[in-house]
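Q: Hi, I'm new to this one. Could you walk me through it?

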Amino acid sequence: MKLIARQTLILLLTKSYATTAASEEVPLDLRDADSTLFDSYRTLQNDIAKRKIQQAKLDLWLRGAFDLDERNLSPAATDGDISSIWDVVTDLEKQAAMAPLRHRPCKDVRRRLLQAIELDNVGYRGQVGLSDLWKNVLTTRGGETGDPDESYSIRLDAKLAKLSAKFGKPFIDAIEKNKAEHAADCSRSCEIFYCADETSTTKWNGNETGTSFVSYSFGSVPPEDFSEEFRFPLDLIKVTQGDPLFSAEESAMVIAQAEEEGVDNNEYKSGKYKLGGDWLVNLPKTRTWLNTKLKTTLFPLLHDLFPEIIRSPSVLRAHSVSLLKYNSTHPRTDVHVDNGILAMTLAMTPQSEYVGGGTFYEHMGIDNILQMDVGHGTFRPGSVRHGGHRVTSGTRYILGAFLLLEDHVEHVRRLKNRGAKLRTSGDLTGAVDHFEWALALNPRCTTCLKDWAEILLSQKKVCRS
């Protein structure tokens with residue numbers, strides 16, 4: 001009877017507190033009356049608040065708020081200070097209420113979500129399980145939809161077996177070619193750049209540094225590969241703030257060495273633009289500096305930022321790394337995606353030395369250019385569409401790297417890239433096959449769909465496209 005009374009009191013207090021302002025005190029001082037009862041009450045409040053925080057984050061994404069700041073979204077209520085976590089709830093729900101609906105894909109997903117809620121006959125703030133609430137959104141958007149207890153390799157093997165039975169030997173051969181190319185790329189990476197071994201114990205400890213991160217949404221299209229591995233919401237563009245990863249003096253030394261190695265005498269094309277700079281395979285002194293940073297800072301940091309997909313720093317491979325130079329004659333890159341499951345950009349020049357610059361993300365628009373001062377970095381999946389924004393005067397250097405994971409073969413990217421090469425060579429049948437296979441692995445690969453549809457339209461296969 002006493003237990004039932006306690007549970008009833010907790011529920012009444014929970015209902016009472018959930019309807020009060022976040023800044024109000026706990027309605028009864030339960031510490032003095034019964035510490036066990038208060039602990040139970042606090043646990044319930046934390047659970048409810050965390051669910052509301054996750055819901056508010058989802059609401060923000062549905063409203064197109066791709067510049068979501070994730071710094072303080074999950075504080076824990078400690079020492080009875082329940083109001084602190086409810087302050088966060090109130091702030092996020094206010095942001096969600098005021099955020100505009102800017103993007104059509106977000107409108108479509110939100111409409112489907114609301115329709116599902118209406119069918120379930122629950123209110124918009126009804127206490128339903130998050131997995132039920134997000135089911136339609138995840139189906140449309142991407143993110144984790146599989147069994148959390150089922151490993152990536154089991155899910156992939158099952159999908160490949162099913163598609164192998166459907167498409168036959170040509171698909172099987174293409175998958176085996178992907179694996180061979182991936183293994184060769186990873187092996188080559190370790191010949192040039194630092195690779196950690198399984199015994200490495202270096203870890204990123206953000207508590208010992210003044211470096212923190214702002215997280216931005218990946219937009220309405222999930223990563224091309226491993227979209228089920230990345231957790232939802234997909235706030236996957238991570239930008240440092242606070243203390244830089246390395247000093248302006250250290251960066252100036254690196255740039256001086258690279259210029260001695262001739263980095264500013266080289267140029268190549270990025271789409272329709274010319275770009276200055278060179279690959280680090282041609283810059284041994286600069287590469288030595290980067291290898292030290294990969295070991296001490298960057299690989300441990302990446303493991304900390306993306307633990308859902310990077311099981312250990314030892315699986316990271318720096319596949320392609322370049323030092324890029326922007327100025328008035330080589331001002332920008334074309335909008336593109338990177339050839340790696342992950343990518344990082346390090347700012348090597350103080351902002352005071354150039355005008356313009358920054359990174360343009362297509363889904364965030366021209367009014368939301370992400371700027372970084374010297375020593376800071378951006379870390380993200382490689383398949384988000386982006387470009388280097390125009391530099392109008394001065395000189396801006398950045399170091400950009402495409403990263404592989406030794407234990408994750410990017411089948412979608414490799415099929416798509418091979419299809420693009422086949423298309424260029426005139427083998428349209430082979431190209432269509434590769435794009436179709438890539439879409440079978442990831443129906444949300446928009447670049448695969450675009451390339452596939454363009455070929456079908458050129459062949460006047462309008463209905464299929």
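**A first look**

A: Happy to! Arginine 385 counts as partly exposed, at 31% relative accessibility; that class sits between buried, under 20% relative accessible area, and exposed, over 50% (1.4 Å probe, protein chains only). This is a predicted model, where local features need pLDDT of at least 70, side-chain atom pairs count only at pLDDT 80 or more, and totals for chains, interfaces and linings use all residues. Residues are numbered from 1 along each chain as its sequence is written, and side-chain values use heavy atoms, with hydrogens and water left out.

Q: Which residue forms a salt bridge with arginine 385?

A: That is glutamate 362, with the closest N and O atoms 2.6 Å apart. A salt bridge here is a side-chain nitrogen of Lys or Arg within 4 Å of a carboxyl oxygen of Asp or Glu. Arginine 385 sits in the loop between strand S9 (377-381) and strand S10 (386-388), while glutamate 362 is in the loop between strand S8 (359-361) and S9, 23 residues apart.

Q: And is glutamate 362 buried or partly exposed?

A: Glutamate 362 is partly exposed, with a relative accessible area of 40%.

Q: How many salt bridges are there by this rule?

A: The count comes to 20 salt bridges. One of them pairs glutamate 181 with arginine 418, whose closest N and O atoms are 3.2 Å apart. This pair links distant parts of the chain: glutamate 181 is in helix H8 (residues 169-192) and arginine 418 in helix H11 (residues 411-425), 237 residues apart.

Q: Is arginine 418 buried or exposed?

A: Arginine 418 is buried, with a relative accessible area of 11%. Glutamate 181 counts as partly exposed, at 28% relative accessibility.

Q: What about glutamate 224, which residue does it form a salt bridge with?

A: Lysine 416, and the closest N and O atoms are 2.9 Å apart. Glutamate 224 lies in the loop between strand S1 (211-216) and strand S2 (237-242) and lysine 416 lies in helix H11, so the pair ties together parts that are 192 residues apart in sequence. Glutamate 224 is buried at a relative accessible area of 9%, and lysine 416 also counts as buried, at 7% relative accessibility.

Q: Where is serine 227?

A: Serine 227 is in the loop between S1 and S2, and it counts as buried at 9% relative accessibility. From C-alpha to C-alpha, serine 227 and arginine 444 are 9.3 Å apart in space, though 217 residues apart in sequence.

Q: Switching to strands: why is S5 largely enclosed by the rest of the structure?

A: Because ten of the eleven residues of strand S5 (residues 316-326) are buried.

Q: Which strand do ten bridges join to S5?

A: Strand S12 (residues 396-405), and the two run antiparallel. S5 also pairs with strand S4 (residues 273-279) in the antiparallel sense, over four bridges; two strands pair if DSSP finds at least two bridges between them. Leucine 324 in S5 stands opposite glycine 277 and also opposite isoleucine 398 in S12.

Q: Zooming out, how many helices and strands does the chain have?

A: There are 13 helices and twelve strands. Both are DSSP runs numbered from the N terminus, with helices (H or I) of at least four residues and strands (E) of at least two. Of the chain's 465 residues, 49% count as buried.
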